[in-house]
Each structure stands twice: as structure tokens, then as C-alpha cells.
Amino acid sequence: MAMDHNPSGRRPQYHRGRRGMERRGSERRSQQPPEQSARPSGEADVEQIMREIRSRIAQRSGIELSTQQIQDLATRRLEAILDPRTINPTLLDQLRKGAAAAPDPLPRSAETEFSLSDDAIYEGGAVVRFFRRLFNPLMKLLFNPAPLIAALQTQTRINRDAATRAADLERRQTEWNALHYQILQRLVTEVSRTSIETQALGTRIESLTGRIDFNDKRVRTLENTPAVARAPRPQEAAPVTAPVTEPAASAESATAASPAATGDVPRRRRRRRRGRRGAPPAGESATAAVASVVTGAAGLADVDEDDDEEDAADAPEPVEATTNEQRSPLPAPSESVEPPPPAWSSDPHPEVHPTPEAPAPQQEMEQPASPPSSQDPSASEN
Amino acid sequence: MKFAFVTARYGADISAGPDHACRVLAEQVGSRHDVDVLTTCARDPRTWKNEYSEGTDRVRGALVRRFAVSQLRDEQTFHQFSDRVMASPRARADELEWLRRSGPWSAGLIDFIRRQHKSYDVIVFFSICSPITVTGASIAPERTIVFPHLQLCPSLRFEVCADVLSSVRGVGLVSAAEGRLLRSYVRATPQHEELVGIGIDPSPEQSYPRHQQDPADTVIDEEAVAGTGEGVEPESYLAGRGVPFRRRHRLYGRFALYGGRVEPDNGCEEMLDYFDTFASTDDDISLALMGIKMMKVPEEPYIRLAGVLPERERMIAYEAADVTIAPSADDLVAQPLLESLAVGTPVLASARNDAAVEHCKRAHAGLYYANREEFVEALRLLMTNTRLRNRLGENGRAYIRQNFRWDAVLGRFDRLVSRARPR
């Protein structure tokens with residue numbers, strides 16, 4: 001349908017396979033203006049837009065069933081509740097019919113059924129009626145029929161009122177039955193919907209718990225991994241000005257890191273090929289690459305290959321991990337260690353002044369930017 | 001032809017409900033026929049206190065005969081009586097007494113109809129839940145037309161209502177949903193019925209972009225032009241349509257508008273609650289409330305109270321808004337919705353209002369919500385998608401032009417009258 005396509009004729013993004021809420025994030029999705037609902041040409045179909053809105057809401061809440069499917073499910077549950085073995089099936093049928101059909105209007109026949117006129121006691125055939133009329137004065141002389149007629153009329157009125165009241169009560173009862181059935185049906189539907197939502201939320205909680213566990217493990221591993229695991233690549237370390245003198249500790253750590261780094265070269269290449277969505281700055285990419293090497297050395301590189309979004313979302317993490325790692329217990333810098341020049345230094349060969357009390361954190365932070373020549377003991381001696 | 005339009009209240013300041021519908025229809029019919037308006041001196045529907053002077057008056061060209069209300073409404077007594085009548089099986093006399101106590105009851109008006117009904121060709125009553133309609137329509141049902149203006153309430157189940165609507169010659173409806181309510185709930189079978197509707201005067205369509213998304217463009221230009229004191233060019237003035245409302249209420253960003261009484265019964269409480277959820281995720285959108293405030297409104301920075309506006313300014317407000325919200329579930333006339341569509345502003349209506357949903361679906365000019373999530377999602381869609389909003393607005397204009405122009409409404413009214421007239 002035209003609503004499902006954007007102007008370029010491609011399917012909109014939300015028509016791709018379901019990725020799961022934990023990957024996309026509900027907040028981010030809700031913030032996106034759904035521009036796809038606007039038709040590029042022709043009139044806007046309000047009902048179609050409403051269907052899309054409802055499906056979006058259902059997806060967000062984790063319900064993949066349509067309203068009709070939920071109602072079917074509710075109907076089955078309702079049948080299970082209204083078990084014909086325990087409840088009279090006739091009553092059930094009446095309940096269903098009463099809910100579906102409009103209540104009967106008030107019967108009007110009651111008034112005619114119980115009507116009694118003044119001449120009712122004289123009714124009969126033509127001849128009989130003539131003689132009754134003829135002898136009426138004589139009869140009235142013998143007894144007075146007026147109280148009799150009045151009593152009958154009173155009884156008629158009472159019967160009529162009773163019939164009206166009974167019909168009214170029956171109508172009300174039918175309406176109540178219909179109301180009760182409707183309420184029951186809607187309650188069961190809502191309960192069904194809620195139970196589906198609960199299941200979806202339970203699944204999501206499990207997924208999130210697994211993710212938290214994974215991240216915990218990852219953090220723990222990163223914290224326990226020694227800093228020597230990092231081996232910056234030459235092209236990434238190239239912009240950094242190489243210090244003339246290199247501390248012995250750096251050489252040692254680089255030496256210790258080299259086996260792990262060497263062992264993970266194919267994996268590193270594979271991760272690099274996957275690429276990143278945004279083009280990070282050179283320094284950041286270098287840091288991230290170092291972190292990926294660390295992750296690979298720790299044996300935690302079993303991240304899904306198609307998890308590019310997760311990588312994009314987790315992009316800042318390697319930086320933090322690197323920092324944590326650098327704060328991990330390292331060999332104390334010797335007094336001869338001097339802080340390397342900053343990366344933005346324009347002087348490729350700065351003057352070296354040995355500082356006996358170099359600030360340790362700064363030195364630690366600068367360590368990833370060490371040139372590859374630091375692996376060369378001769379370079380460090382220079 | 002000579003018409004008598006009978007309604008409970010009549011005045012230029014009444015801008016909603018059956019009384020408003022009576023006034024606008026009387027004004028339109030009065031331009032072609034002889035129309036007398038028979039009404040009471042009441043203005044406030046809660047007390048029915050006599051506020052207008054009794055006698056003959058002329059309101060916007062229509063001759064108005066006002067009669068004093070003979071029984072004021074005592075709220076406490078009425079509620080006690082109402083509880084008793086509604087709870088138990090009732091007689092016809094109880095129903096009549098209930099209607100009389102709910103008011104307004106004017107013995108002089110009923111006497112006048114009884115004496116003068118033969119001097120009118122057609123008597124048109126408005127609102128079935130009025131003792132004047134129930135009593136007056138039974139005087140000359142053969143030349144009576146009733147616009148019931150049904151609203152879902154227990155008194156609609158009164159037998160007298162069904163009897164009146166079945167006995168009169170014609171019943172005028174304002175929406176198809178009202179016709180369904182008439183048959184299914186009131187269980188009346190009118191002799192003749194016609195979907196007349198209510199006429200809307202759309203403002204002339206302009207070719208300029210109506211919505212101003214950027215507060216830095218026209219609004220500032222308008223102020224600059226006004227500040228120089230020079231003559232405003234037509235183009236700049238037209239480009240600023242809707243701007244008077246925005247400027248007056250300092251609404252320079254996007255905003256949604258509600259028009260009508262601000263009271264919980266109209267769905268305002270729910271709307272404010274839902275909008276609060278919406279505003280928590282999108283904080284640069286305001287909600288303007290236009291109408292009498294009859295409930296406590298939360299003091300939030302995104303809520304603006306515009307007060308009661310005259311008709312022309314009301315239309316400007318609708319035009320200035322990006323979206324109009326129609327939260328009422330019982331308003332089958334859906335006048336704010338139609339007025340909003342007439343100026344090309346899409347609506348977001350309550351899904352419980354069948355008439356509003358029907359207008360939205362038929363016009364393809366608005367969305368509707370049944371719960372909080374739908375409200376937030378639909379409002380976000382309308383607020384962010386300018387193209388969709390413009391398209392819905394165009395559809396709304398076309399829908400009103402096609403169905404709710406006054407000549408179309410009067411044509412349907414004439415058809416109803418021709419069917420209902422005694423031969």
C-alpha cells in the first residue's frame with residue numbers, strides 16, 4: 001500500500017525485521033516522528049494512520065497480536081470461565097443473546113388485556129343484550145352493580161400496573177444481563193491483553209538481565225585485564241609525537257602485551273571491517289581499536305557479528321574501559337619516567353627534561369599514545 | 001412561511017449547544033421566512049434564573065419573544081427527586097415532573113403556544129430534554145419538528161421522550177450518530193427524520209502558508225511593521241492570519257487548542273492528563289484552553305487559558321492552532337471540531353464520540369484516540385508531520401465546504417419541513 005512506502009519507493013525502516021526493544025530502545029523510537037504515515041500523494045487515509053499508530057503502540061508494548069487475535073483469545077478464555085458443565089447452558093445462551101440483541105420495548109398489550117368497560121357485564125348476544133337492557137332497571141332495583149363494576153375496574157388497574165411493572169423489571173433485567181456480559185467480556189479481553197503484556201515484559205526483563213550480566217562480566221574482565229594487553233597500531237600511534245626517551249616500564253608493558261596482540265590480529269581485522277556508523281575522530285578510533293584488542297585478548301570478543309548497533313551504542317565504552325584499565329595496578333613508574341609531550345605539540349623533538357616527580361596519572365593517561373618504537377629497547381634507551 | 005423556533009435560552013452570547021444551534025438556524029431561516037423565536041428569560045442553565053427582560057426583543061434580526069421562567073431549579077430537591085425517579089419504576093407523571101423540575105419551565109410560554117400555534121406553519125423545538133419541548137410538542141404535533149440534540153443521559157430513556165419523538169411530524173438530526181442513538185437508546189421511530197446538521201461559515205481560504213513553524217519569521221515582522229506605524233501591506237497582514245491570537249497569548253511555538261467549556265464532563269480532565277504525558281516528552285508544545293473555566297486547571301507552563309472569545313476570534317484561534325483537540329465524548333454536534341475543520345486545522349478527537357470519529361473518517365481530516373498512548377502518539381504525529389497536517393487541513397476544508405455550508409444545511413432543513421408540513 002502507498003502508506004507503507006516513502007517517496008523514494010523504499011520500505012520505511014520500521015518494516016524491517018523486528019529487532020527487539022532492547023536493541024532499539026523504546027525512548028529513542030518514541031521520539032522519532034513517524035513521517036512515513038504521510039502519504040506522498042493522494043488523500044490521507046485516517047483509518048490507515050490510526051492502524052499504524054496502534055500497531056506502533058502494540059509493538060512498543062511488546063504485543064505482536066492484533067486486536068482481533070486478542071479478542072479471539074479472550075473469547076476462548078471466556079468460554080473456559082463460563083464452563084457449561086458448571087453453569088446452565090440455557091442461561092449462557094440467554095446471556096449471550098441478551099448482550100447481542102436490543103432489549104424488547106415495553107409491551108403495550110397489557111392495557112388492552114385487562115380493560116373492563118362499564119357495559120362489560122351486559123355484553124352478550126343481541127337478544128340477550130336487549131333483554132338485559134330491558135330489565136336493567138328491575139335488576140338495579142334488586143341489587144346495585146356499581147360496586148361490582150368499580151371493584152372489577154380497580155382489579156383491572158392493579159393488573160395493568162403489575163404487568164407494566166413486571167415488563168419493566170424484565171426489561172431492566174435484560175439490560176443488566178447485557179451490561180454484565182459486556183463487562184465480563186471486556187474484563188476478560190483486558191486481562192488477556194495484560195497477561196500478554198506481562199509475558200512480553202517478562203521476556204524483556206530476562207533479556208535485559210542477560211545483557212546486564214554480560215556487561216558485568218565484561219567490566220570485570222576489563223578491570224582485571226592488565227594494561228599490557230594494549231598494543232597500539234603503528235598508523236594510529238603515528239600522529240603522536242614520540243618521546244626521545246621511553247620509560248622502562250612502558251617497554252616492559254609493551255613486551256608483555258605483544259603476545260596477546262599478536263594472537264588476535266585476525267579478529268581485530270574482522271572487527272575493523274565491520275566499520276562504525278559515525279566516523280569517529282582519529283584519536284577516538286585509535287582508543288576504540290586499542291580497547292577492541294583488549295576485549296579480544298580477554299576472550300570476550302564473542303559479540304554478535306551483526307551487532308553493529310550495539311557497537312555504535314557502546315562506542316564510548318572502550319574509552320572508559322581503557323581508562324579503567326590504565327588505572328589498574330601498574331608497575332610504579334620509576335623516577336626517570338617523564339611525561340611525554342602532548343599530542344598537539346608542534347615540536348616533533350621536544351626538549352627532554354628529566355623530572356624526578358612526574359605526575360603518575362598523567363603519565364598513565366598518556367601511555368596509549370606511546371609510539372611503537374617503545375617496543376624497541378634501544379629506542380627506550382635513547 | 002411562518003416559523004416558530006422554541007428553545008430554552010436565546011442570546012448572542014450563547015455559543016454552544018442546542019440554543020446556539022437554534023439561534024444560528026433561526027438567523028439563516030429568518031432571511032427567507034418569517035421567524036418568531038419563543039424562549040425564556042433565562043441565561044444560566046444551572047439555575048434558570050430570569051436574566052433577560054420579559055417581552056419582545058430583536059436579536060440579530062430575529063424577533064424574540066421571551067417568557068419568564070416560573071419555576072427555578074432547586075439543586076438539592078431536584079437531586080433527591082431524581083434519585084428516586086431513576087432508581088425505581090416510574091410513571092409517566094413522574095417523568096414529566098422530573099423534566100419540569102430540571103427546567104426551565106415557563107407556563108407563559110406553554111400558554112402562548114397553546115393559544116397561538118395555529119398562526120405558525122411549523123413549530124421547531126430544540127432539545128428533547130426540556131419540559132418546554134415535551135409539553136409544547138404535544139400541543140400541535142402535526143406541525144411540529146424537533147431537533148432533539150441527544151446526549152447520552154438516563155433521562156433519554158423516559159417514555160415521554162420516545163413518545164414525543166414518535167408523534168411529531170419530523171425530527172432533525174445533527175449527525176448520523178445521533179440517529180443511531182435515537183433508534184437504539186431512545187427507541188423512537190420518527191415519522192420523518194433528516195440529517196440536517198449545523199452550518200459553519202468557513203473563512204475564505206488563502207494561498208499563503210498558514211502555519212508558522214518558525215517564531216522568528218512573521219511574528220517578529222508583524223511587530224516590526226506595527227512598530228513603525230506605517231501602513232500594513234495586504235500581503236504581510238494576510239501572512240499573519242492567526243497571529244493576533246498567537247500574539248495576544250504569546251504562543252509563538254506550536255500549540256494545540258481546545259475550544260469549549262473547560263469542565264470534567266467534557267473530557268477536559270482526561271485531556272489534561274494525557275497532554276501532561278505528552279508534554280513530558282515534548283516540552284515545546286503548548287495547550288491553549290478557550291472557553292469558560294469550570295474546573296481546576298493545573299498550573300503548568302505549557303497550559304494557556306485564552307478565556308471566552310467571540311465568534312470571529314474563535315475562528316482565528318482555530319486557525320492559529322496546529323491541532324484542535326475535541327475530547328468530549330457526548331457532544332454529537334461536534335461544533336468545535338467542525339469549526340476547526342472549516343479553517344483547515346486538523347483535529348484530534350475522542351474515539352468515544354461517534355459523531356467526531358465519523359467526521360474524522362469521512363473527512364479524512366483528523367485522528368482520534370481511545371487511550372493515553374494513542375493520544376500521545378497521534379498528537380506527536382500531527383505536531384511533527386507538517387505535510388500530513390496540511391493535507392488533513394485541506395481535506396477538512398473540502399468536507400465542510402461540501403456538507404456544512406449554510407445553503408446545504410438549509411436545503412436539508414427545507415426538505416424536512418416540506419415532509420413535515422401538514423397537507
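Modeller: Helices (H or I, at least four residues) and strands (E, at least two) are DSSP runs, numbered from the N terminus. This is a predicted model, where local features need pLDDT of at least 70 and side-chain atom pairs count only at pLDDT 80 or more, while totals for chains, interfaces and linings use all residues. Residues are numbered from 1 along each chain, chains are lettered from A, and side-chain values use heavy atoms, without hydrogens and water.

Biologist: Is L142(A) buried or exposed?

Modeller: L142(A) belongs to helix 8 of chain A. Buried means under 20% relative accessible area, exposed over 50%, and partly exposed in between (1.4 Å probe, protein chains only). L142(A) has 70% relative accessibility, so it counts as exposed.

Biologist: Which residues does V308(B) touch, leaving out those up to four places away in sequence?

Modeller: V308(B) sits in the loop between strand 11 (303-307) and helix 12 (311-320) of chain B. Its C-alpha atom is separated by 4.5 Å from that of a residue 17 places apart along the chain. With contact meaning heavy atoms within 4.5 Å, V308(B) touches G291(B) and I292(B).
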